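Have the sequence and the model open as you read.

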Amino acid sequence: MLSRLQYKFVNQSGHFDPNLSDTAPVLPRSRQDNASIITIERPPIHRIETSFNVFKTVAKIRAHRLCATDLQYVFLFFVGVFCFFVVEEPKLAFKILIACGLFVAIMIPFTSQFFFPFLPIAAYLFLFYSSRFIPTEWRPPIWVTVLPTLETALYGGNLSSMLASSPRAVFDVLAWLPYGIMHYGAPFVVSLLIFVFASPGSLPVFARSFGYMSLFGVIIQNMFPTCAPWYENRNGLTPASYDMPGSPGGLARVDQLFGTNLYTSAFTASPLAFGAFPSLHSADAVLEALFLSHVFPKLTPLFLLYVLWIWWSTMYLTHHYFIDLMGGAIFATTVFLIARWNFLPSPQKGKRSRWQYEYIELADYDRPPTRRPALSRSMTPLGASEVEQDEMSDPLVEPKKHSDENDYY
């Protein structure tokens, strides 16, 4: 686990410079390095990159030191290659155009700061869409009885069937709002709130956490296909096949209520008709609630109510068993804890927006802090360029010569 990290932002000259916008983080160093002076370089704590110079990105790539976390891009590359060759629509020319557009977006500094954290989300969306084109002979058999059996064994009955036994128009609307509307807009709202009110560097962590959680969720759904409650209500426990269409479940009543065919057509043609476990509706809601509780701890009960609302709606609309929801919740909590312990900057008291932060702090959850630094002008972005080692909360720190600006927008 990382030691308690204090990111100090200063200029290199040691003089007050109100126009300085580039600084760099201090990262852990080995215990064998006993240098007493720490030189700090260019971390962009508040600045958003506005350059369109591709050569700047090339220079960053050449200066980047390979590390274990770079394996994520190898994994994403193979996911992209798989989707590229599996997808039958659109045609080859359009697929090449999409790949070239993504490459250009990554190479331009202005767009790369957003597209690098977005890569896991893009991989998730591509894989979800590509699932419809995976050949049947590549797919495992569909598990029809495993979820209802576990549901009965763990909870004594089918909770979804109990909640959906007495449908009402008002309940349909109350379930439709979080499941069919808020679920799809929540990631954008949460991203905006994190960008404005959380410490700098929090948004890329949320984006990657959301993307990888969803990506691995779709992988699990493809490798472990299961049936939702609507299948049991429609077909009983008879064996399922991949040529069977999906179902909108209780959302069909919403279509009838509003005179539309939106959800019926969308869920009938779903690329993952048999992807009940884990529930990504539950996983998304739990992950969003955990990140927002990290930023706004006083509003945690409100975020918990949203999660419970989503859980009720998914079961009432017969789209998930309760065990699916628990699987998604555990999945999301695991992803959040990994992000929190390793990558997520800590919020600081008295800081109401990202523009008030003078440094970024990663908390160490393995042990209590040794000694917090006494904040002074020398530790602000406009302070001295050298920091004595005995002023640090942890002596095991060293400069990162080439920082990834994308990690701090």
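## Loops and a helix

Proline 278 sits in the loop between helix H11 (262-268) and helix H12 (280-295); helices here are DSSP runs of H or I with at least four residues, strands are runs of E with at least two, and both are numbered from the N terminus. This is a predicted model, where local features need pLDDT of at least 70, side-chain atom pairs count only at pLDDT 80 or more, and totals for chains, interfaces and linings use all residues. Residues are numbered from 1 along each chain as its sequence is written, and side-chain values use heavy atoms, leaving out hydrogens and water.

Most residues other than glycine have a negative phi, and most peptide bonds are trans.

| Peptide bond | Omega |
|---|---|
| glutamate 89 to proline 90 | about 5° |
| phenylalanine 277 to proline 278 | near -5° |

Proline 90 is in the loop between H2 and helix H3 (92-107).

Threonine 318, in the loop between helix H13 (300-316) and helix H14 (322-342), has a positive phi near 60°. Threonine 318 is also buried, at 8% relative accessible area (buried is under 20%, exposed over 50%, partly exposed in between, with a 1.4 Å probe and protein chains only).

Now for H2. Gln72, Leu76, Val79, Cys83 and Val86 are its buried residues. Seen down the axis of H2, they fall within an arc of 95°, so they line one face; the arc is taken from the directions from the helix axis to the C-beta atoms. The face turned away from that buried side carries exposed Leu71, Phe77, Phe78 and Phe85.
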